[in-house]
Amino acid sequence: LYIIIIKGKCPEDGWDESTIELFLHELAIMDSNNFLGNCGVGEREGRVASGLVARRHYRLIHGIGRSGDISAVQPKAAGSSLLNKLTNSVVLDIIKLAGVRTVTNCFVVPMATGMSLTLCFLTLRHKRPKAKYIIWPRIDQKSCFKSMITAGFEPVVIENVLEGDELRTDIEAVEAKIKALGAENILCVHSTTSCFAPRVPDRLEELAVICANYDIPHIVNNAYGVQSSKCMHLIQQGARVGRIDAFVQSLDKNFMVPVGGAIIAGFNESFIQEISKMYPGRASASPSLDVLITLLSLGASGYKQLLKERKEMFSYLSSELKKLADIHNERLLDTPHNPISLAMSLKNLDENNDAAVTQLGSMLFTRQVSGARVVPCGSVQTVNNYTFKGFMSHANDYPCAYLNAASAIGIKKQDVDVFLKRLDKCLKTSRKEAKKEKSVNEISNSNTGTEQLGD
């Protein structure tokens, strides 16, 4: 208890479940709704009709924060408030352990990554009232695009540049756009670390230097980057050489808890406090409770072991997917700057039949392969009145169709082996069907030509 209560750090070794439950019950009896002689006459007294619901939340019913600040202490919910403070301290310790050593402050917010980014942008609005643009190196993921629209700003999309197989940040285009629009009219640069290959993490160091030079805030979408030492190193380096105001990461993707929470972290303690004060009203304690239970059960050593295993599985997935690609006359795209996601070309499948690529995605899904993304060439999608060409591929004209697979925290060797086995079968079936359809079309075209000659 000394480590977590006094030091505010994650214990090195994980606790057993009974110890964690005892600790949570100790916190719960500090909340007024659990006092034996409590007499509540307000509109929010922590009353719960269902015993099942009460037990699910360990009777920590009041939530976190006060109406004006999500990080504030609630007098009649001392236990829930302490839980909130401890969770934020433990999470900060884990972020440092994962590679961002100079981070000064963070807090868990009961919203997923997209809405948490929106909260950051809304906080910056008060600092830069004239600004209406957000510079955004393109990444084809709807929630981070919508986060800017929802906040009331106009995204300025910077197309990526193709270097080999990789899609990388166009630094010159970013700086040119800042000069064209005027630094005072730009709310921030909104960059990304974790992403689907062949897009790779943004050039954070170069962007951070540009932001420092032009005095423009820099918000980083680090959605599932905590599990990657490379992504965390980029954030650390960006803050060292330039400017990063806040970085946002998902709880579910990095800590294997239910969807619904994120961590907003940064290097300027007062700015992170400003963001927490921007959150209107109190908030659910569920995301904080979930991540605290998880980290107490894992301990720092358990979480480090998960990070180690994930990295090992990335190497294994990469080598095995390359072997499979070679067998099917495809290739594993060369994306060394992406530490989590891989991409395998589907060029031969695409050439045989336009619909074969998307059909492969359906085949994998019906065979219970989740998470693999099949990206065809040339798809167009409109998001909030902005049309993206080549949507999902992060570029207007990526050279080939491809399939994504990722090695994320918690993945096991069995997951990789089963995926590769099912992918192999699906590719064989797809190629057979594509060739069969091609032959039918050729015969049909040949017969049509003969009939026209006869006429």
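Asn160 is buried, with a relative accessible area of 12% (buried means under 20% relative accessible area, exposed over 50%, partly exposed in between, with a 1.4 Å probe and protein chains only). The model is predicted: local features need pLDDT of at least 70, side-chain atom pairs count only at pLDDT 80 or more, and totals for chains, interfaces and linings use all residues. Residues are numbered from 1 along each chain as its sequence is written, and side-chain values use heavy atoms, leaving out hydrogens and water.

**Around Asn160**

- Asn160 sits in the loop between strand 3 (154-158) and strand 4 (161-163). Strands are DSSP runs of E, at least two residues, numbered from the N terminus.
- The side chain of Asn160 has a polar atom 2.9 Å from the backbone oxygen of Arg138.
- The backbone oxygen of His394 lies 3.0 Å from a polar atom of the Asn160 side chain.
- Beyond its neighbours within four places in sequence, Asn160 is in contact (heavy atoms within 4.5 Å) with Arg138, Leu167, Arg168, Thr169, Arg199 and His394.

- Seven strands form an open sheet in the order 1-9-8-7-6-2-3, with mixed pairing. Two strands pair if DSSP finds at least two bridges between them.
- Strand 1 (105-109) and strand 3 are the edge strands, and each pairs on one side only.
- From one strand to the next, the twist averages 20 degrees. Axes are lines fitted to C-alpha atoms, and angles run from 0 to 180 degrees between N-to-C directions.

**Strands 7 and 8**

- Strand 7 (residues 218-221) and strand 8 (residues 246-250) run parallel, joined by three bridges.
- Phe247 in strand 8 stands opposite Val220.

Notes: Helices (H or I, at least four residues) and strands (E, at least two) are DSSP runs, numbered from the N terminus. A polar contact is a pair of N or O atoms within 3.5 Å; within protein, one must be able to donate a hydrogen and the other to accept it, and residues adjacent in sequence count only if both atoms are side-chain atoms.
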